[in-house]
Protein chains: 2
Amino acid sequence: MLGREYGQICSLARTLEVLGERWTLLIIRDVFSRRRRFDQIQESLGIARNVLAARLAWLVEEGILEKRRYREHPPRYEYLLTEKGLELWPVMISMLHWGDRHLSDGAPPLLVRHKGCEGLVDDRGICERCGERLEARSAYTEAGPGAPAQLREADAA
Amino acid sequence: MLGREYGQICSLARTLEVLGERWTLLIIRDVFSRRRRFDQIQESLGIARNVLAARLAWLVEEGILEKRRYREHPPRYEYLLTEKGLELWPVMISMLHWGDRHLSDGAPPLLVRHKGCEGLVDDRGICERCGERLEARSAYTEAGPGAPAQLREADAA
């Protein structure tokens, strides 16, 4: 991965050394979206299996994902976010909102809501309705107006 | 650049298509830190001049930076953040804080403060002291405990 390539005394550069490789943040997004198994993530992203395997191993090594066996015979594994990984939620949310605002023609494909009151979550991870400062575990997502029609219908069902 | 490589109906993927290329977010960080001229950014990052030129042209094309002539004879240019670029501030802040927390041994190299009350800015871009929700223009930075000694001394002077 990028390793110490940037070589800077800067926490933003250090974050990018861990997360800045192509696909890495989308893999983390997938795990946030409950795609936890290798084949689910591979299908979602359509990337080469060896690239995905390398990225997942890196994220486990960095303590962002945890690999857990969910079946014994034959052994099968899934990936879960650690606390360190869950703390990337504000990064995800701020990038998502910037894309909504500037790259999605006013039609967000995904809406993020507060589990408590169903209010929309703003770009700071704060509930627009009740003002609560949220963490990953207190939010859920649903298809937005920019989602493909079949996803919107599935959410409405 | 990444172009439509990710090919996903997702605002986070779209954001990464614009910003996910290596160095791009560090170039934006530099402009946030008032390194606005080609040579300043090149010296700060130590990247190849042709790579920097390509990234800057891309960021101008995407409407994130604006190129402005600041001297006529000979012509000299600097790069400024547009409103669209300034709205990346919450992304910068959340990545910076995650790196502070997990990758900088409890000694942040950079502190971000609210211009109004000098309170520290939290990972959501909110002032820890007065609770104001801040934007890029209402914050300033100073060397933190993890900065190289010469920077800390320069800030204290």
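This is a predicted model: local features need pLDDT of at least 70, side-chain atom pairs count only at pLDDT 80 or more; totals for chains, interfaces and linings use all residues.
Through which surface do the copies meet? The answer comes from the residues at the interface: 100% of the interface residues of chain A are also interface residues in chain B, so the copies meet through the same surface.

Please begin by displaying chains A and B together. Chain A is superposed on chain B by a rotation of 180° with 0.0 Å of shift along its axis, and the RMSD is 0.0 Å. This is the relation of a two-fold axis. To find a point close to that axis, select A:Arg124: in chain A, its C-alpha is the nearest to the axis, at 2.5 Å.

Next, select the residues where the chains touch. On chain A there are 42 residues in contact with 42 residues of chain B. The elements of chain A that give two or more residues to this side are α1 (11-19), α2 (24-32) and α6 (89-103). Of these, α6(A) gives the most, with 12 residues. Coloured by class, the side of chain A that touches chain B shows 23 nonpolar, nine polar and 10 charged residues.

**Helix α6 of chain A**

Keep α6(A) selected. This helix has 15 residues, and the distance from its first C-alpha to its last is 20 Å, close to the 21 Å expected at 1.5 Å a residue. Beyond the helix, select A:Asp105, which follows α6(A) and has a positive phi, near 50°.

**Helix α2 of chain A**

Now move to α2(A). Eight of its nine residues are buried, so this helix is largely enclosed by the rest of the structure. The buried residues of α2(A) are A:Thr24, A:Leu25, A:Leu26, A:Ile27, A:Ile28, A:Arg29, A:Asp30 and A:Val31. After the helix comes A:Arg34, with a positive phi near 70°.

**The two domains of chain A**

Colour chain A in two parts: domain 1 covers 11-85 and domain 2 covers 88-156. Their C-alpha centres lie 22 Å apart. Where the two domains touch, five residues of domain 1 of chain A are in contact with four residues of domain 2 of chain A. Here α2(A) gives the most to the domain 1 side, with three residues. By class, that side of domain 1 has two nonpolar, two polar and one charged residues.

**Strands β1 and β2 of chain A**

Within chain A, select residues 65-71 and 76-81. These are strands β1 and β2, which pair in the antiparallel sense over six bridges. For one such position, display A:Leu65, which stands opposite A:Leu81 in β2(A). Four residues form the hairpin that joins β1(A) to β2(A).

The peptide bond from A:His73 to A:Pro74 is cis, with omega near -10°.

**Strands β3 and β4 of chain A**

Continue to β3(A), residues 110-114. Its covered face carries A:Leu110, A:Val112 and A:His114, whereas A:Leu111 and A:Arg113 are on the uncovered face. This strand pairs in the antiparallel sense with β4(A), residues 139-143, over five bridges. From the covered face, follow A:His114 to its bridge partner in β4(A), A:Ala139.

**Loops of chain B**

Switch to chain B and select B:Pro74, found in the loop between β1 (65-71) and β2 (76-81) of chain B.

Then select B:Arg34, in the loop between α2 (24-32) and α3 (38-45) of chain B. Although B:Arg34 is not a glycine, its phi is positive, about 70°. Is B:Arg34 buried or exposed? B:Arg34 has 10 C-beta neighbours inside 10 Å and therefore counts as exposed.

The last stop is B:Glu118, placed in the loop between β3 (110-114) and β4 (139-143) of chain B. B:Glu118 is not a glycine, yet it has a positive phi of about 70°. With 12 other C-beta atoms within 10 Å, B:Glu118 is exposed.

Definitions and conventions: Residues are numbered from 1 along each chain as its sequence is written. Chains are lettered from A and ligands numbered from 1 in the order in which they are written. Two residues are in contact if their C-beta atoms, placed from the backbone, lie within 7 Å. Ala, Val, Leu, Ile, Met, Phe, Trp, Tyr, Cys and Pro count as nonpolar, Asp, Glu, Lys and Arg as charged, and the others, Gly among them, as polar. A residue is buried if 20 or more other C-beta atoms lie within 10 Å of its own, exposed if 12 or fewer, and partly exposed in between; C-beta atoms are placed from the backbone. Copies are superposed by least squares on the C-alpha atoms of residues with pLDDT of at least 70 in both. Two strands pair if DSSP finds at least two bridges between them. The expected span of a helix is 1.5 Å times one less than its number of residues. Domain bounds come from an automatic or database domain assignment.
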